[in-house]
Amino acid sequence: MRYPIVLQLLGKVIILIGLSLLMPLVLALYFGEKEWLAFTYSAAITLAAGIPLSSLPSHNGEIRRREGYAVVALSWVAATIFGSLPYIFAGTFPTLADAIFETVSGFTTTGASVMTDIEAQSRAILFWRSLTHWLGGMGIVVLFVALLSPLGSGGIQILQAETPGPVTEKIKPRIQETAIILWRTYIFLSALEILLLLFAGMPLYEAVVHTFGTMATGGFSTKNASIGYYNSPLIQWIIIIFMFLAGVNFALYYQAVKLRNPFYFWLNPEFKLYSAIILAAFIIIVVDLSLAGFNPGENLLRMAAFQVVSIVTTTGYATVDFDQWPNLSRTLLLLLMFVGGCTGSTGGSIKVGRLLVLLKNGIAELFRAVHPHAVVSIRFSNIGIINKELVLNILQFIGFYLLLFALGTLLMSLTSLKLEEAASAVAATLGNVGPGLGAVGPAHNYAHLPAAAKYLLSWLMLVGRLEIYTILVLFLRTTWRG
């Protein structure tokens with residue numbers, strides 16, 4: 001491990017976080033809110049920590065894999081620490097555990113909250129809360145690579161450690177160009193959603209904040225009732241569409257534009273499975289709600305579509321208290337928390353791409369059981385034939401994921417939560433979804449949990465966002481050897 005280069009890159013990421021804190025500072029000054037002082041202190045401390053680190057001399061040479069893991073993991077830990085400073089200085093939360101929980105939930109785009117009265121908070125605090133979503137959605141370190149990094153081919157180690165999915169797709173030969181294209185696509189879709197929400201009648205400030213929550217598949221809102229506050233079918237349909245788009249592999253947008261083929265998406269098997277899962281869940285829930293006595297019509301269709309897309313993409317927005325739905329619908333939504341968006345999207349959880357490989361491998365194994373001497377290849381559209389090493393990696397990831405879910409549920413059952421609530425809380429935080437069921441459902445939040453439970457769930461959010469390995473390798477002694 002070459003510590004100087006890790007610390008130097010970490011310092012640059014901290015500077016980026018410090019500069020981001022200036023945005024809510026300007027907003028607080030514009031609206032005349034007293035929180036401007038909290039953001040001034042936070043930005044000053046963050047920049048004071050980052051500038052000396054970024055000035056450290058570092059050895060020349062490409063970043064190796066373990067250094068890439070260290071840079072990404074430590075950057076997210078630093079983002080949590082420095083990102084929580086505005087909450088601490090402004091007195092937003094009564095405890096450090098709450099400030100850490102809300103910050104981790106923001107950057108990891110989970111959307112789980114301990115904020116009991118959202119509408120009582122200042123615009124600057126809520127803006128920072130949602131800006132952490134937007135920065136964490138595409139990745140704070142990917143943004144660093146796009147804007148500041150002269151890392152060369154070594155940057156792929158950083159991109160692989162932070163980008164969600166089993167495979168990091170290089171759109172361009174230079175990794176910095178790939179990061180720039182991803183962020184340009186992200187910014188373009190964000191700007192488009194803001195314009196459409198303005199057209200639908202949402203004020204500019206709220207349109208920006210809710211776009212941050214949508215495109216990052218995060219779910220933080222400026223309203224206690226989330227999107228349910230806006231009794232506007234047009235606003236809800238716009239957010240449904242952009243939640244769906246945010247759950248798609250961002251590399252597909254570039255390829256579709258490059259080839260000038262809008263039907264390029266349907267050539268991708270992961271996109272087709274992603275769409276099929278959403279459509280099937282939507283139909284089942286519509287039928288279940290209709291049989292339960294809900295009035296049929298556009299409102300029922302919109303309500304079902306919103307919650308299915310919100311949960312599958314791990315956004316976590318809500319228009320209704322789905323915890324009051326029939327058991328079949330509630331159970332289905334719980335299972336959808338383990339799906340997530342596509343590889344290379346801002347969605348969390350296991351990812352459709354991994355489930356697709358798992359499904360194809362299962363079918364291949366069944367075929368080999370009947371034809372033991374047959375040679376069966378598993379193909380994935382963007383990487384061709386999948387080797388056994390990648391299949392094993394995916395199986396191990398899913399195994400680790402389910403193990404963490406089981407252990408987390410076991411530990412959360414030590415609190416006052418019921419089994420269903422404990423399991424949904426772990427599934428919602430590990431999968432970066434947000435709301436669970438019961439006491440942690442869409443009509444409630446996580447504020448009532450003890451501090452130990454909040455720290456545990458914060459750790460699970462971080463592990464889930466960085467897809468387990470990036471965090472767990474830090475606990476290996478060999479990672480830190482010189």
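Predicted model: local features only at pLDDT ≥ 70, side-chain atom pairs only at ≥ 80, totals over all residues.
Author: Residues are numbered from 1 along each chain as its sequence is written, and side-chain values use heavy atoms, with hydrogens and water left out.

Reader: What makes the protein as compact as a globular protein of its length?

Author: The protein has 21 helices and 2 strands, these being DSSP runs numbered from the N terminus (helices are H or I with at least four residues, strands are E with at least two). Its radius of gyration is 22 Å, close to the 23 Å that the globule rule gives for 482 residues, so the protein is as compact as a globular protein of that length; the radius is taken over C-alpha atoms, and the rule is 2.2 Å times the number of residues to the power 0.38.

Reader: Why is Arg129 called buried, and what makes its pairing with Glu102 a salt bridge?

Author: Buried means under 20% relative accessible area, exposed over 50%, and partly exposed in between, with a 1.4 Å probe and protein chains only. Arg129 has a relative accessible area of 1%, and is therefore buried, while Glu102, at 0%, counts as buried too. A salt bridge requires a side-chain nitrogen of Lys or Arg within 4 Å of a carboxyl oxygen of Asp or Glu, and the closest N and O atoms of Arg129 and Glu102 are 2.7 Å apart. Arg129 lies in helix H7 (residues 123-138) and Glu102 in helix H6 (residues 96-107), so the pair ties together parts that are 27 residues apart in sequence.

Reader: How do you know that the side chains of Arg330 and Glu420 meet in a salt bridge, and is Glu420 buried or partly exposed?

Author: The N to O distance between Arg330 and Glu420 is 2.9 Å, which falls within the 4 Å limit. Arg330 lies in helix H16 (residues 327-336) and Glu420 in helix H19 (residues 419-430), so the pair ties together parts that are 90 residues apart in sequence. Arg330 is buried, because its relative accessible area is 10%, whereas Glu420, with 39%, is partly exposed.

Reader: Why does Ser226 count as buried, and where is its place?

Author: Ser226 has 12% relative accessibility and so counts as buried. Its place is in the loop between helix H11 (204-215) and helix H12 (233-246).
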